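Me: Got a model open here. Can you walk me through how it packs?

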Amino acid sequence: MSDFQEIAQQFTQYYYTTFDDNRSNLAALYRDQSMLTFESNSVQGTSGIVEKLVGLPFQKIKHQVATLDAQPSSEQGGILVMVTGALLVDEEERSMNYTQVFQLQPDGHGSYFVFNDMFKLIYG
């Protein structure tokens, strides 16, 4: 079995760097069976997910990961990843806290794709 913690860390770094630089480049991480739930709104499939992410109402964003936990999630090699952190959008000075959970699945070619992605801002 691969080192799931290392894979989770590499994935998370790549995901947030790509999200912060150019969200449309995240398309390669999703498949037609992938599902995103963003603030309780769900969308399935690569094109719908990318459309949702690109259409978010901000121009600039910076994710700051605070915690990252990972577990093997299936006998097929899946990895469950839970992230907490803060993000800054546009010219805001106060960060917003968030949590995000990814279910990664092996793609059969030595890499992983996002099967499930759930994102929530934490208020209060």
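Reply: Start with Tyr15. Leaving out residues up to four places away in sequence, Tyr15 touches Leu26, Leu29, Tyr30, Leu53, Gln100, Phe102 and Asp117. Keep in mind that this is a predicted model.

Me: Which residues touch the most other members of the largest nonpolar core?

Reply: Tyr15, Phe19, Tyr30, Leu53, Val81 and Phe102. That core has 29 residues.

Me: Which helices and strands each supply at least two residues of this core?

Reply: Helix H1 (4-21), strand S1 (30-38), helix H2 (46-54), S3, S4, strand S5 (96-106) and strand S6 (112-122). H1 gives the most, with 6 residues.

Me: Back to Leu26. Where is Leu26 found?

Reply: In the loop between H1 and S1.

Me: Is Leu26 buried or exposed?

Reply: Buried. Its relative accessible area is 0%, and the cut-off for buried is under 20%, so Leu26 qualifies.

Me: What does Leu26 touch?

Reply: Tyr15, Thr18, Phe19 and Leu53, again without residues up to four places away in sequence.

Me: How many Å apart in space are Leu26 and Ile61?

Reply: 15 Å, C-alpha to C-alpha. In sequence they are 35 residues apart.

Me: Now H2. Which residues of H2 are buried?

Reply: Thr46, Gly48, Ile49, Val50 and Leu53.

Me: And what do the buried residues of H2 pack against?

Reply: H1, S1 and strand S2 (41-44).

Me: Switching to the strands. In which sense do S3 and S4 pair?

Reply: Antiparallel, over 11 bridges. S3 covers residues 61-72 and S4 covers residues 79-89.

Me: Which residue in S4 stands opposite Ala70?

Reply: Val81. Val81 is also among the core residues that touch the most other members.

Me: How many residues lie between S3 and S4 in the hairpin?

Reply: There are 6. In the turn, Gly77 has a positive phi of about 100 degrees.

Me: There's a histidine too, His63. Where is His63 found?

Reply: In strand S3.

Me: Why does His63 count as buried?

Reply: Because its relative accessible area is 7%, and buried means under 20%.

Me: With which side chain does the side chain of His63 make a polar contact?

Reply: With that of Asp20, at 2.6 Å.

Me: What else does His63 touch?

Reply: Besides Asp20, His63 touches Tyr16, Phe19, Ala86, Leu87 and Tyr98, with residues up to four places away in sequence not counted. Phe19 turns up in the contacts of Leu26 as well.

Definitions and conventions:
Residues are numbered from 1 along each chain as its sequence is written. This is a predicted model: local features need pLDDT of at least 70, side-chain atom pairs count only at pLDDT 80 or more; totals for chains, interfaces and linings use all residues. Side-chain values use heavy atoms; hydrogens and water are left out. Two strands pair if DSSP finds at least two bridges between them. Helices (H or I, at least four residues) and strands (E, at least two) are DSSP runs, numbered from the N terminus. A nonpolar core is a set of buried Ala, Val, Leu, Ile, Met, Phe, Trp, Tyr and Cys residues joined through side-chain atoms within 4.5 Å. Buried means under 20% relative accessible area, exposed over 50%, partly exposed in between (1.4 Å probe, protein chains only). Contact means heavy atoms within 4.5 Å. A polar contact is a pair of N or O atoms within 3.5 Å; within protein, one must be able to donate a hydrogen and the other to accept it, and residues adjacent in sequence count only if both atoms are side-chain atoms.
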